[in-house]
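Open the structure in your viewer and get ready to select residues by number. We will take the tour one stop at a time.

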Amino acid sequence: MVMISALLVQVCQMALVVLLAPLLTGLIRKVKARLLRRQGPSLIQPYRDLLRLFRKEAVVAENASWLFRVAPYLIFASTWVAAAVIPTFATGLIFSWTADLIAIIALLGSARFFLALAGMDVGTSFGGIGSSREAMIATLAEPSMLLIIFALALVAGSTQLSTIAAFMSSPAVGLRVSLAIALVALVMVAIAENARIPVDNPATHLELTMVHEAMVLEYSGRHLAMIELAASLKLLLYISMIACIFVPWKLSAAEAGPAAFLTGFIAYLAKLAIAGALLALFETSVAKMRVFRVPEFLGAALMLALLATLLRFVSRSL
């Protein structure tokens with residue numbers, strides 16, 4: 001009976017991230033429209049768009065290989081698994097031992113790898129440009145993430161998210177400059193990884209500035225729906241990761257009752273809403289930078305992550 005209830009809670013979390021990902025995207029679009037004094041689309045518009053794409057027939061180029069057809073499902077599966085193991089409303093779930101930060105980054109790296117290959121598979125110029133830009137971003141984003149993970153591991157003594165969340169919610173964490181620097185670096189990496197302003201504009205279709213959109217121009221129908229859902233999942237994943245590490249309030253234990261789970265779920269919804277509103281406010285306050293300035297942006301994140309790691313080494317040696 002205990003095993004069945006634990007599996008049920010884990011399945012609920014896996015379904016939760018898929019159901020909330022489009023809603024988070026709709027919230028960001030709605031808040032951005034309101035800040036620009038426009039009506040904006042409905043909160044459930046992303047669900048309508050996904051349903052419409054799933055109903056459409058997928059048009060595939062004649063020279064597309066099997067990889068082009070399989071890549072959307074691999075991208076979605078990798079991103080879903082990575083997002084589903086991150087503690088959202090509870091820690092210590094039955095699959096929480098797999099929620100290792102290094103494993104999550106590896107899953108996201110594999111999804112990026114298949115997306116870049118799919119962008120180059122058909123042989124269009126826009127797909128090649130988008131894939132090359134994605135590879136450029138990855139060369140700086142992934143080392144930054146690894147340094148951030150090392151800094152967190154030096155503080156909490158583990159790369160497992162449930163352990164980190166338990167430590168960060170305890171009084172032992174205190175006020176640490178290294179954690180503040182790591183948070184800034186993680187936010188910068190999250191913006192770049194999700195192709196948000198100022199790195200990329202997810203609403204644009206200008207070929208000279210696209211990164212993510214350039215790789216998926218040849219997709220349509222259910223294939224495009226899977227990629228769009230994976231993109232929403234990736235955004236929710238990074239927000240959930242930041243909330244789990246730096247704002248682990250109201251995360252209930254696995255052995256807690258339904259009341260604690262409900263409290264954690266409400267707190268998680270509040271965290272997503274606040275993060276989405278802050279992201280919308282940030283994107284309406286800054287302008288998109290040129291593509292060739294993106295390495296400077298990610299280079300700053302890399303230096304901040306390195307500084308956080310060095311500060312932890314110095315504090316441990318004193």
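Here are the stops, and please keep in mind that this is a predicted model.

**Stop 1: the annotated spans.** Start by colouring residues 6-28, 73-95, 101-124, 145-167, 173-192, 229-249, 261-282 and 294-314, which an unreviewed UniProt entry annotates as "transmembrane region". Now compare two of them by eye. Select residues 73-95: this span is 52% helix and 0% strand, with its end C-alpha atoms 22 Å apart. Then select residues 101-124, where the chain is 88% helix and 0% strand and the end C-alpha atoms lie 35 Å apart.

**Stop 2: a pair of helices.** Show helix α4 (residues 101-121) together with helix α5 (residues 125-156). How do these two helices run relative to each other, parallel or antiparallel? Their axes are 9 Å apart and meet at an angle of about 175°. Angles over 145 degrees count as roughly antiparallel, so that is the description for α4 and α5. To see where they touch, display side chains including Ile105, Arg112 and Met120 of α4, and Ser131, Glu134 and Leu152 of α5. By class, this contact has nine nonpolar, five polar and three charged residues.

**Stop 3: glutamate 134.** Stay in helix α5 and centre on glutamate 134. Is this residue buried or exposed? Glutamate 134 has a relative accessible area of 9%, so it is buried. Leaving aside residues up to four places away in sequence, glutamate 134 touches Arg112, Val211 and Met215.

**Stop 4: the loop between α7 and α8.** Move to the loop between α7 (177-193) and α8 (212-215), where you will find proline 198. Look at the peptide bond leading from isoleucine 197 to proline 198: it is cis, with omega near 10°. Alanine 195 is in this loop too. Its phi is near 55°, a positive value in a residue other than glycine. Alanine 195 is buried, with a relative accessible area of 10%.

**Stop 5: lysine 250.** Next, select lysine 250 in the loop between α9 (221-246) and α10. Lysine 250 is not a glycine, yet it has a positive phi of about 65°. With a relative accessible area of 57%, lysine 250 is exposed.

**Stop 6: helix α10.** Before you leave, highlight some of the buried residues of α10, among them Phe261, Tyr268, Lys271 and Glu283.

How values were computed:
Residues are numbered from 1 along each chain as its sequence is written. This is a predicted model: local features need pLDDT of at least 70, side-chain atom pairs count only at pLDDT 80 or more; totals for chains, interfaces and linings use all residues. Side-chain values use heavy atoms; hydrogens and water are left out. UniProt positions are given in the numbering used here, feature names are shortened, and annotations may be inferred rather than shown by experiment. Helices (H or I, at least four residues) and strands (E, at least two) are DSSP runs, numbered from the N terminus. Axes are lines fitted to C-alpha atoms, for helices over the stretch in contact, and angles run from 0 to 180 degrees between N-to-C directions. Angles under 35 degrees count as roughly parallel, over 145 as roughly antiparallel, 65 to 115 as roughly perpendicular and the rest as oblique. Contact means heavy atoms within 4.5 Å. Ala, Val, Leu, Ile, Met, Phe, Trp, Tyr, Cys and Pro count as nonpolar, Asp, Glu, Lys and Arg as charged, and the others, Gly among them, as polar. Buried means under 20% relative accessible area, exposed over 50%, partly exposed in between (1.4 Å probe, protein chains only).
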